[in-house]
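Work through the exercises below with the structure open. Each task is followed by a solution in steps.

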Amino acid sequence: MRWTRARAGRLAASLASVEQLIGGFDEIVGARASLTTLVETGSLRLRVRHNHPGLGTDVLRALWPAIGDSGTDYDILCLSASDPLVASLVPSTLPEDVRLLVPERLTGQRWFIDGRIGLYTGLDLSRGTGLVIWGDGAYRLLVCSPFRTIAQWAASDMDDLLLHSAAVGRPEAGVLLLGAGHAGKSTTALATVAAGGVTVGDDYVWVRGLEAFSCFRTVKTRHSARISLQGAAAALPGFDMYYEEPKRVHYLDGADDVMVRRMPLLGAAVIRLGAATTRWRRIPAVEAFLQAAPTSILQATSDRGQQMSQIKNLLTGLPTYELSVSADFLEVGDAVLRFVDTLIAGRA
């Protein structure tokens, strides 16, 4: 009971510490910014306003440039915590382990605040305006997977799905790769690219109907991963990121060739490690659901019930497989492409 009361007290103090920031949302997002960057993530278009000279370049490395300059879905003001507009409103006493979700019924905006890295995200879904504030420890995460929280909220609002998965195949069609962290999604995606295939992403994809849209043009691998970037070599220098575990962030060379904006889906495959040679077999949708749902739902910042229903509907609408992969990087890539080609041929 004492632990519960202590936790409740810390939560109340944390909410009080961000009250001014949340209350100032309308005034802050109405402020002018010196720079504007137009980008797309999934099927969402963002007008990112900012005062940081490097942010636009860094965001464009990880997201897609917007097609056209009108019809933007959301207008996002992105500020450093030291910016004069917000410096006095960002709490200096927020516990590092606090993660707060403040629903819109309380404030008119939806907020997610991650005290571990100092990242503050607010969005008014009804008006399409948002605010992202980053502390010093949050910048690399921000530019690795820009506006992931906003993308998840927006996808749910559109009845789409931001799914923790990879998607690989040919430009005309491909498959989702499902599995929890360390399942091998990134390694399998890179192996497929090295073998001549394409990817929509290695970590998160935006799903609408039976089509996957690319969210982030980065690939993240564990420091211990032994992979080859042949065929997907980094044209731009990557960087190390420390969030929950150390990872290396890679930018893909010639992203328009190895990474595509969208991909029709012909199936979903759960990755299993440790096979002597890569092989696949058909499995019931419920087996795929048990692998895909927990990791996506636990990482979501809201709308978890809706996401569970959407994942169930997606996997009952697709053929589902188990994809057992070997430790041979080149063999995996070739085998995955043969698997995809089989599905494409079966559709014809």
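F339 counts as buried, at 0% relative accessibility. Keep that residue in view for the first exercise. The model is predicted.

**Exercise 1. Describe the aromatic cluster that contains F339.**

Solution. 

Step 1. Take the ring pair of W280 and F339. Their ring centres are 4.9 Å apart, with the planes at 40°. Planes under 30 degrees apart would count as stacked and over 60 as edge-to-face. The pair is therefore tilted.

Step 2. W280 sits in strand β19 (residues 279-282), and F339 in helix α12 (residues 329-347).

Step 3. Check the exposure of W280. Its relative accessible area is 32%. Buried means under 20% and exposed means over 50%. W280 is therefore partly exposed.

Step 4. Turn to Y321 and F339. Here the ring centres lie 5.1 Å apart and the planes meet at 80°, so this pair is edge-to-face. Y321 belongs to strand β20 (residues 320-325), 18 residues from F339 in helix α12. At 10% relative accessibility, Y321 counts as buried.

Step 5. W280, Y321 and F339 are linked into a cluster by ring pairs. The protein's count of aromatic pairs comes to four.

**Exercise 2. How do helices α10 and α11 pack, and which residues meet?**

Solution. 

Step 1. Locate the helices. α10 covers residues 285-299, and α11 covers residues 304-316.

Step 2. Read the geometry. The packing angle is about 150°, and the axes are 9 Å apart. Angles over 145 degrees count as roughly antiparallel. α10 and α11 are therefore roughly antiparallel to each other. Their crossing is right-handed.

Step 3. List the contact. From α10 come A285, A288, F289, A292, A293, S296, I297 and L298. They meet R304, Q307, M308, I311, K312, L315 and T316 of α11.

Step 4. Sort the contact by class. It has ten nonpolar residues, three polar ones and two charged ones.

**Exercise 3. Is helix α7 largely enclosed or largely open to the outside? Find which of its residues are buried.**

Solution. 

Step 1. Count. Helix α7 spans residues 148-157, and eight of its ten residues are buried.

Step 2. Name them. The buried residues are T149, I150, A151, Q152, W153, A154, A155 and S156.

Step 3. Conclude. With eight of ten residues buried, α7 is largely enclosed by the rest of the structure.

Step 4. Look past the helix. α7 is followed by D159, which has a positive phi, near 65°.

**Exercise 4. Where is S214, and what does S214 touch?**

Solution. 

Step 1. Find the element. S214 lies in strand β14 (residues 211-214).

Step 2. Check burial. The relative accessible area of S214 is 1%, so S214 is buried.

Step 3. List the neighbours, leaving out residues up to four places away in sequence. S214 touches T41, G42, W64, V200, M259, V260 and R261.

**Exercise 5. Summarise the whole protein: how many helices and strands, and what share is buried?**

Solution. 

Step 1. Count the elements. There are twelve helices and 20 strands.

Step 2. Of the 348 residues, 55% count as buried.

Step 3. Residues 24 or more positions apart account for 71% of them.

How values were computed. Residues are numbered from 1 along each chain as its sequence is written. This is a predicted model: local features need pLDDT of at least 70, side-chain atom pairs count only at pLDDT 80 or more; totals for chains, interfaces and linings use all residues. Side-chain values use heavy atoms; hydrogens and water are left out. Axes are lines fitted to C-alpha atoms, for helices over the stretch in contact, and angles run from 0 to 180 degrees between N-to-C directions. Helices (H or I, at least four residues) and strands (E, at least two) are DSSP runs, numbered from the N terminus. Angles under 35 degrees count as roughly parallel, over 145 as roughly antiparallel, 65 to 115 as roughly perpendicular and the rest as oblique. A crossing is left-handed if the near helix is turned anticlockwise from the far one by less than a right angle, and right-handed if clockwise. Contact means heavy atoms within 4.5 Å. Ala, Val, Leu, Ile, Met, Phe, Trp, Tyr, Cys and Pro count as nonpolar, Asp, Glu, Lys and Arg as charged, and the others, Gly among them, as polar. Rings of Phe, Tyr and Trp (its six-membered ring) pair if their centres lie within 6.5 Å; planes under 30 degrees apart count as stacked, over 60 as edge-to-face and the rest as tilted. Buried means under 20% relative accessible area, exposed over 50%, partly exposed in between (1.4 Å probe, protein chains only).
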